Structure formats: structure tokens, C-alpha cells
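Here are my notes on the model you sent over. Have it open while you read.

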Amino acid sequence: MRAVVTVIGKDNVGILHKVSGICAEMGANVIEVTQSVLQDMFAMIMLVDITGMDKDFAELVDRMSALGSELGLSIHTMHEDIFNSMHSV
Amino acid sequence: MLNVYNILETIRMIQDECLDIRTITMGISLLDCIDTDIDRACEKVYEKIVSRAGRLVAVGQQIEKEYGIPIVNKRISVTPIAMLAAACPGGDVVKFAKALQRAADTCGVNFIGGYSALVHKGFSAGDEALIRSIPEALAVTDNICSSVNIGSTKSGINMDAVALMGQIVKETAQRTADRDCIGAAKLVVFCNAVEDNPFMAGAFHGVGEPDCEIHVGVSGPGVVRSALSKYPDASINELADIIKKTAFKITRMGQLVGARASELLGVPFGIVDLSLAPTPAIGDSVAHILEEMGLEMCGTHGTTACLAMLNDAVKKGGVMASSTVGGLSGAFIPVSEDAGMIDAATAGVLTIEKLEAMTAVCSVGLDMIVVPGEISPETISAIIADEAAIGMVNTKTTAVRLIPAIGKKEGETLEFGGLLGSGPVMPVKESSAAKFISRGGRIPAPMHSLKN
């Protein structure tokens, strides 16, 4: 099982560090990261493996969302199934 | 394979274009709760609903978290209560409504639908008692919805029931006049009612359905409008293709959520209802989709054609996305629940006559329309008869949900709040149809009902 973490907002020092730090604490393994900074806008999409997580997936969602509020970023954590089912036949 | 564009598109749909799952609705059969003692029957009803749906809200919230998609309503539909009332003649039928309300409170659901009777060919035991109890039942409860099926293509239209429902709709509004006549907003009169509808106020659990199942109703007018706005010069058939692709994506999400809910709750997955259901929120309006197609305002000439195309394209896109499509499946046009419709009705461009024409080509009917408080029961019945005739002849579901604004006239509004929105009082014809309604009897089924 995999989840997608998207981070969009104003660029700042240590965003990737903080997001991946939460993943590590929760036991979610980062598989792939795509990120771009256009002018001062930061956009990152991170694919994480949640199979080995020792906590509830809902807790990961809440912690990411709280981090987003704290940093003034929009952070979404969603199960990959929603993207797979919506965009493929 | 995941790609960045698709991921960002999904997030934009949810964040900016009001994409949501409108409802997960658990259908529960109450046939095994029938008892000759009404109090015992009510207790069985309460116990059965709570035992099946006790985890519905928690599971809905879990899925919201997992997929990051809002599920606006968690609801329950039950076997038409008239069937239970039939076993206990002389009992106070409103007790069932109170038992349902108690179950709704315990489960934490938004609505329970099924305070219903199916009388399209005639009244059987329990039906008339239930119908006559509707005004009180909807006045003493908050989360119970009621529906009555008065006609079908197969059996014609029960004009005695049509006459009775005119009185019941008016009385229901009167009983809740101090709360903006909210009772009437929870009452719908059907022709060709469907047995697996997840949407309120018309949801009930048909007798042909399994003991318990999960239905999903999707939403997404904002997403469709936004997709169309990117192609200002496209031809109509190109627009139809864009709508199909968008409806596919929306429905897939519904299918995913339904399948997950079914797995977590351990009950079979029923259907995905493809309806485009608007809300009064900005950017979530079916009227605005029609305006995006090139109408200055919804309700003007051309509206019926645009709506017919929209309704058809939504079905074509959605049907491939789900293994089990059902319910009402079409574009809804509830006036008070749609910001664009409210504006068009207030401006006088959208009239009841135009809405009636629109209902011939879309789901579902004259929905959430506020009419003057002085409207006679016979005029309400005549509007119901007209709408039922459209459903009967066109072999489709039609419905009437009128809210007589007690003490108010044209130019004033009723404010329901929440998803039910607000509606301007719309004028109706002054000429009487009382003689027609007083005749009673039945409009025979049309020729094409004889298919066997």
C-alpha cells in the first residue's frame, strides 16, 4: 500500500526535511520524490510505502496536515488508490 | 501509473471545485421487524438500524481520511414504513418516526429515509394511515425523510393519492411554519420511484433489495463547469466528450469509496448513483454548467437542450466507471440547493413551467421549489399530477418537492440553511384545477406499459 503526499506553497528552508522526518517517525518509507521550485513557489509530490507503518494512516494524515498549517503550506496525504482509480480505465 | 498532472488535478477538484462524495447511504431492510404490537415493532426497528449502521459514520470518517475526499452525508434508507404499519392497525404510526429519529441520533447519521408508502395502484393496509401521519411525523422529528410513490409507467397514476398528497404537502408546511416550513422540504412525491436511491428526501430501501447494502451518491457540478470553462470555443459534441471524461473520473471515485465502505462494514455494495448533485455553495451549481455552455441565465430558451445533453453525457461517462450504476443517476435541479438556480428564479428567468420542461430530460423533478403559502391543496395536487404524467409517459422517475411558504408571497424567500439552501417564492397559475383533482380514480397506464 502506498500513499501520496503533496506539498504546495511558499518555499522555505527545511520543508523536505520536516515532511520526510514525519514519514520516518511513523514508519512510512519514502519511495520517490518529485519536487520543483518555480520562482518562490514550492511543489513536491512524495510517494511513500505505508505497508510497514506502526501507526494509523489517519495519524499520518493528521500530522502532515498540522505541519502544513504550521508552515503555511498546503499538505495533502492521500491513499494512492484514489489517483489510480480516477485516472485509469 | 501515477503522474504529477493527475495528482494535482485530483487535488484541485477537491480543494477548489467542491468535488465530494455527497452521501454514503446504508439501505436496511426492516421486513423482519414487523410486529402486531407497534411498540415492539418500533423497538425492533431501532435495534436493527443501530446494529447495522452503528459504525457507518466512523467508517465514513475513516474513508474521508484515507482518500482525502469529503463525504458530506452519512445516511440510512429503510423499508417503507407503511409495510410495518400495516401489521399494527390502529396504532400511532408516528411512533415509527420517533423510533427512526432515535436511531438516527444514536448512529449520528444526517438523515434516515423511508417514512414512505408505495400507493401507485391503490392503498393497502397501513398506507393511508402512514400518509396521514406525515405532517406530524415530519414536525416532531428533525432527520427523518418521507416519500410517497403515487404513480408508475406500469400502473398509471393513483389520482386519489395525488389528491391526498396535495393536502398532506400543505399541512406538512403548515405544521412547520415556524421553521421556514422545513417539513415540506423532507417530503417528496414520486412517480416511478427507484428502490436503491441514496439521495434524500426520496431514499427508501425497496423490498427487492438485500437485507443490508451500501450505496454511494457522488457530486461534482463544480468540476464539470470548471472542465467546460477551459474550452470556450468547443462545439457541443466536444463539450459532451469533456463532460463524459469528467463524469468518469467522478464516478470512479464513488466506486472506490463504495467498495471500501462495503469492505469495512462487511455489507454488500449496492450502487453508485451518478447524479450531479449541486449545493448552494459557490462553484457547485448545475445551473452554472448550463450557463457555461452558452446561456446567459439558466431558464432561458435553450436550457432544456443543454440539460438534455448534460444529463446524457454524465450517464455515458459514468456508466463505464462503475460496475453497478443505479439510483436516480442524472443531473439534479433542486432550485433552493443551487446558487445559479436561485439567482435565475429570483430574476424571474427560471419559472415552474420551464422547470417542468427540464424535468422531462433530466433527473428528477420539480425539486425544492418554494411556492406561495396561499396555494390550494388542489393546485399542489395538479402540479404533482402534471409531473407524474411526465414520468409515467417517459418511463422515468419524476418527483415533486414543493414547499408552500406559509404566510409568504412572491418576492419573499424561505431560508432552510445548510445543503437545503434558500428559495424565492415562485408564482403558480391562479386558475383552479380543483374539479379535475376532485374526480379521483386512476389515470390508466400508457400503451407502452404493455411490453410483455
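The points below take the chains in turn, then the place where they meet.

1. A reminder before anything else: this is a predicted model, so read everything below as computed from it.

2. Chain B, overall. You'll find 15 helices and 14 strands in chain B. Its C-alpha atoms fill a box of roughly 65 × 55 × 50 Å along the principal axes. Of the contacts in chain B with a separation of 6 or more, 80% are between residues 24 or more positions apart.

3. The core. The largest nonpolar core has 183 residues, and B:Ile150 and B:Val257 have the most contacts inside it. Helix α9(B) gives the most to this core, with 10 residues. Have a look around B:Val257: leaving out residues up to four places away in sequence, it touches B:Ile21, B:Ile24, B:Ile63, B:Tyr67, B:Ile69, B:Ile71 and B:Val216.

4. Helix α11 of chain B. This one covers residues 303-319, and its 17 residues reach 24 Å from first C-alpha to last, close to the 24 Å expected at 1.5 Å a residue. Its buried residues include B:Cys306, B:Leu307, B:Leu310, B:Val314 and the pair B:Gly317 and B:Gly318. What covers the buried residues of α11(B)? Among the elements doing so are α9, α10 (286-292), β9 (325-326) and α13 (352-359) of chain B.

5. Chain A, overall. Chain A has three helices and four strands, running β-α-β-β-α-β-α from the N terminus. The C-alpha trace spans about 35 × 35 × 20 Å along its principal axes. For 89 residues a compact globule would come out near 12 Å in radius of gyration; chain A has 13 Å, which agrees. Buried residues make up 29% of chain A. Among its contacts between residues at least 6 apart in sequence, 66% join residues at least 24 apart.

6. Where the chains meet. In the interface, 17 residues of chain B are in contact with 19 residues of chain A. On the chain B side, α1 (4-16), α3 (56-67) and α9 (236-265) each supply at least two residues. By class, that side of chain B has eight nonpolar, five polar and four charged residues.

Definitions and conventions: Residues numbered from 1 in each chain as written. Chains lettered and ligands numbered in written order. Predicted model: local features only at pLDDT ≥ 70, side-chain atom pairs only at ≥ 80, totals over all residues. Contact = placed C-beta atoms within 7 Å. Nonpolar A, V, L, I, M, F, W, Y, C, P; charged D, E, K, R; others polar. Core = buried A, V, L, I, M, F, W, Y, C linked by C-beta atoms within 7 Å. Buried ≥ 20, exposed ≤ 12 C-beta atoms within 10 Å, placed from the backbone. Expected span 1.5 Å × (residues − 1). Rg over C-alpha atoms; globule rule 2.2 N^0.38 Å.
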